[in-house]
Amino acid sequence: MKRFILILLFACSQLSLFSQEVVFEASASQVVEVGERFPLTFTLNAKPSAFAQPEIRGFSVLAGPSQSSSSNFEVINGQVSQSYTLVYTYILQADKEGKYRIGSAEVKVNGKTYTSTPFEIEVVKGENSTNQADRSSQNSESESGDLFVRVELSKQSVYLGEALVATIKLYSRGVSVSNFENMTFPSFNGFWSQEIETPSQFVFQRESLNGKVYSAGVIKKWLLFPQQKGKIKIDPYILDCIIQVRGNAPQNIFDGFFTSSQAVKRKLVSSISTVVVKDLPANQPATFTGAVGNFTIESTIDRTKLKANEAASYRIKITGNGNLKLISAPKISFPPDFESYDPKITESIKSQNSGSTGFKIFEYPLIPRSAGDFTIPEVQFTFFDPQKGTYTTVKTSDIAMTVLPDPNGGSQVVSSGGVSKQDLKVLGKDIKYISIQPQTFEKVNALYITNWLYYVGYLLVIVISILLALFLSVRQKVKSDVLLYKNKTANKIAKKRLKNAAIALKLNDNDSYFDALHNAILGYLSDKLSIKSGELTSERAVDLLKEKSVAEKTISDLLEVLSICEFARYSPAATVERREEVYSNAVELISTLEQTIR
């Protein structure tokens, strides 16, 4: 029985091996020195029926192809898996300088032909064996030029605002680096910098520099945007490198069997780098605000047909590569009858070697206060393209909107074509025509002051003045009493309005809830501050609350609650989770204002 199970498991493993995807790859060092010996390997994850050797030029084949294989068989929780690896290895020697192509090798697996990807190997001039022997015999392997750090710039000359990449690299040649510490990075004064994500583990790779092969590793990368013109110097990068140095020469025959080394700290300082920053051309369009790169712009609106006093969301999306983080909201001319708010900014930007890429969205809440047909005009956005060296203007399309009258009878004025609201007044006739009829005149011989009618008239003027003063006084008192009455009953009326909001909250009617809560707060402020509801604005309310010595935090919390209520009209889903919190804050704010304002 056990034998049967083993045979079954082996058969399953063969089936899984047969069904897996075939991978055939070639690998070798990308940079080698003249005279250096190195391996060239071809790796396959299946058993081939044939192998065709690649074309190799510019190198001497010292050995190969030799074959080695390995397999792995696992059974975990009843799941059978098997892997197989076959490696063909050549030992090559570089003959002369240049770049040489390693051709494709071919294998046949289950009747199908698979080929490896060809690639190039660069051969650079190496040091002679005498220098190598001298270097290996010295105690310190960290000679000048064998271990250093560089701040490498992707560009030496850029425009103002154009991106460049600064890479800090550690170069080693025959030096064993075990660790580095006490790093001091450049301050990048004159630049707006953004760090580029690099692997968390430091890894050396072979690179050619000035005709020599080094082991080089990236320590950090930054994306830099120059903010001033002229020559900008980048401070040096400083670090302490811990290297392993061989001990003294053996003193007796037994010391030769043991090798000893010691850790030595070496301070490395990079050279000062300089970037030449060119000013942007002088013929800047009026719509240019500092964007440098290559961008596109588009505009959308969530609804083009709505009722007066309802909310809409207008979005501007800027996409591209450049100084996206530094781009500000473009100038937009909304119709005069539209009430607009500060935009909500959303961005998705990734810093990489090619620059800062992604998009930035400016979302404007809009509330049309009048009915009619309106047009949100095109939005122009100008950027400087450093590749072309010119300014480019892109623009959105016009968006037509139809606003219907408010069915709830809210305050509005029917308008068309973006005409602003106007108060209509009926003017009385103020022209008195000249009479053309003959008139009779009476001659007065005596002084008018001696006539008894003068004294009667004088007395009447005094009586009328007294009566007028009394009338105005009574009228003012009545008016003051009305304001006082509203002031005293503001809290009571606000509680009734809050009760309506609480009922809507229980019924899960979000629209009615936020409308009731918004009206309760505005109605309270109108009664408490003695302002007509039509004349009440956020700015005036803030000024009057400050005059009443209301705390800044209370005013800020009040504006936040009003903003949430306004925002809920066009995006109820975004505020549904905060309904109870907003209600509690509103009740607490009215209570605080009632205690503060007397």
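**Salt bridges and rings in a predicted model**

Q: Is K325 buried, partly exposed or exposed?
A: K325 counts as partly exposed, at 35% relative accessibility (buried is under 20% relative accessible area, exposed over 50%, partly exposed in between, with a 1.4 Å probe and protein chains only).

Q: What are we looking at, and how are things counted?
A: This is a predicted model, where local features need pLDDT of at least 70, side-chain atom pairs count only at pLDDT 80 or more, and totals for chains, interfaces and linings use all residues. Residues are numbered from 1 along each chain as its sequence is written, and side-chain values use heavy atoms, leaving out hydrogens and water.

Q: Which residue forms a salt bridge with K325?
A: E347, with the closest N and O atoms 2.9 Å apart (a salt bridge is a side-chain nitrogen of Lys or Arg within 4 Å of a carboxyl oxygen of Asp or Glu). This pair links distant parts of the chain, 22 residues apart: E347 is in strand β26 (residues 344-352), while K325 is in the loop between β24 (312-322) and β25 (338-340). Helices (H or I, at least four residues) and strands (E, at least two) are DSSP runs, numbered from the N terminus. E347 is partly exposed too, with a relative accessible area of 35%.

Q: How many salt bridges in the whole structure?
A: The search finds 14. Among them, E310 pairs with R303 at 3.0 Å between the closest N and O atoms. R150, E152, K169 and E207 are linked in a network of salt bridges.

Q: Where do K553 and D557 sit?
A: Both lie in helix α6 (residues 552-568), four residues apart, about one turn of the helix. K553 forms a salt bridge with D557, the closest N and O atoms being 3.0 Å apart. K553 is exposed at 60% relative accessibility, whereas D557 is partly exposed at 23%.

Q: Switching to rings. How many aromatic pairs?
A: The structure holds 22 (ring centres of Phe, Tyr or Trp, its six-membered ring, within 6.5 Å; planes under 30 degrees apart are stacked, over 60 edge-to-face, the rest tilted). One of them is F338 with F374, edge-to-face, at 5.1 Å centre to centre and 65 degrees between the planes. F338 lies in strand β25 and F374 in strand β28 (residues 372-376), so the pair ties together parts 36 residues apart in sequence.

Q: Are those two buried or exposed?
A: F338 is buried at 7% relative accessibility, and F374 is buried at 3%.

Q: Which residues form the aromatic cluster?
A: F24, F42, F51, Y88 and Y90 form one cluster.
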